[in-house]
Amino acid sequence: MNMRFYLIEDDAATRRMLERLIYEGQLGEVIGAADCGSEVTLDDIREADIVLIDLLMPGRDGIETTRELREQGYPGRFVMISQVDNKEMVGEAYLAGVETYITKPINRLEVLAVLKRVAEHLTLEQSLDTIRHSLSLLDHRSPATEKRIAVTNMPPTFEAVVLDLLARLGISGEAGASDLVKLLTYWERQGFRELTILKERYQEVLLLDHPELADDPEQ
């Protein structure tokens with residue numbers, strides 16, 4: 001979790017406190033700061049993941065600044081800082097594009113909890129975007145890639161199936177296992193015609209050792 005923060009706050013003491021908490025909490029780095037919303041442009045915050053912005057500032061307040069920067073195309077997260085508890089103003093801030101609030105006076109635990117939550121949500125969204133992008137690339141594969149995938153997805157050979165079976169039985173490393181694979185592969189290529197003879201020979205040997213099976217219809 002290494003986020004980039006931009007601070008828009010007219011109180012210097014609050015800016016210093018927020019910056020210190022961001023570094024102490026190992027949330028990321030502060031890449032810039034301003035004491036007035038009207039001084040901030042999209043270029044200033046373009047590289048920031050999260051913008052901490054005061055609600056009440058001289059010149060242009062936090063809601064107006066957020067709305068303007070959203071309209072300019074800023075895709076990151078705005079976290080509003082305010083001591084105002086006006087539901088209409090809070091609703092207007094959310095409509096302008098604010099993610100959540102931090103109340104004044106600044107409380108260390110609240111700041112860390114809010115910023116960690118926002119950072120986690122942002123990280124999750126970025127991961128989902130990466131997955132969507134990867135899936136979109138799969139939908140636009142080149143012919144060469146399609147050919148490689150087709151080869152990779154071909155049904156396994158008879159020899160591969162036999163080797164896998166021997167491995168499952170725990171005898172793939174035993175002496176004679178490779179000869180057994182060659183023998184079975186040869187019979188498979190012959191259409192298993194010789195297996196009928198092998199079965200008959202096996203039954204003859206079995207009856208010699210167990211004559212009582214001669215009358216067993218289930219043998």
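Reply: Gladly! Please keep in mind that the model is predicted.

Me: Why is Asp10 called partly exposed?

Reply: Asp10 has a relative accessible area of 34%. Buried would need a value under 20% and exposed one over 50%, so a value in between is partly exposed. Asp10 sits in the loop between strand 1 (3-8) and helix 1 (12-24).

Me: Glu9 is in the loop between strand 1 and helix 1 as well. Why does Glu9 count as buried?

Reply: Its relative accessibility is 0%, and buried means under 20%, so Glu9 counts as buried. Beyond its neighbours within four places in sequence, Glu9 is in contact with several residues, among them Thr14, Asp35, Asp54 and Lys104.

Me: Lys104 also comes up at a peptide bond. What makes the bond from Lys104 to Pro105 cis?

Reply: Its omega is near 0°. Most peptide bonds are trans. Pro105 belongs to the loop between strand 5 and helix 5 (108-138).

Me: And how do you know that Tyr101 is buried?

Reply: The relative accessibility of Tyr101 is 13%; the cut-off for buried is under 20%, so Tyr101 counts as buried. Tyr101 is part of strand 5 (residues 98-103). Not counting residues up to four places away in sequence, Tyr101 touches residues including Leu55, Met80, Met89 and Val114.

Me: How far apart are Tyr101 and Phe78 in sequence and in space?

Reply: They are separated by 23 residues in sequence and by 8.9 Å from C-alpha to C-alpha.

Me: Now Gln26, please. Why is Gln26 called exposed?

Reply: Gln26 has a relative accessible area of 68%. You will find Gln26 in the loop between helix 1 and strand 2 (28-34). Gln26 also has a positive phi of about 55°, although it is not a glycine. Most residues other than glycine have a negative phi.

Me: Finally, what share of the chain is buried?

Reply: Of the 219 residues in the chain, 30% are buried. The chain has nine helices and five strands.

Terms used:
Residues numbered from 1 in each chain as written. Predicted model: local features only at pLDDT ≥ 70, side-chain atom pairs only at ≥ 80, totals over all residues. Heavy atoms only, no water. Helix = DSSP H or I, 4+ residues; strand = E, 2+ residues; numbered from the N terminus. Buried < 20%, exposed > 50% of the residue type's maximum accessible area, 1.4 Å probe, protein only. Contact = heavy atoms within 4.5 Å.
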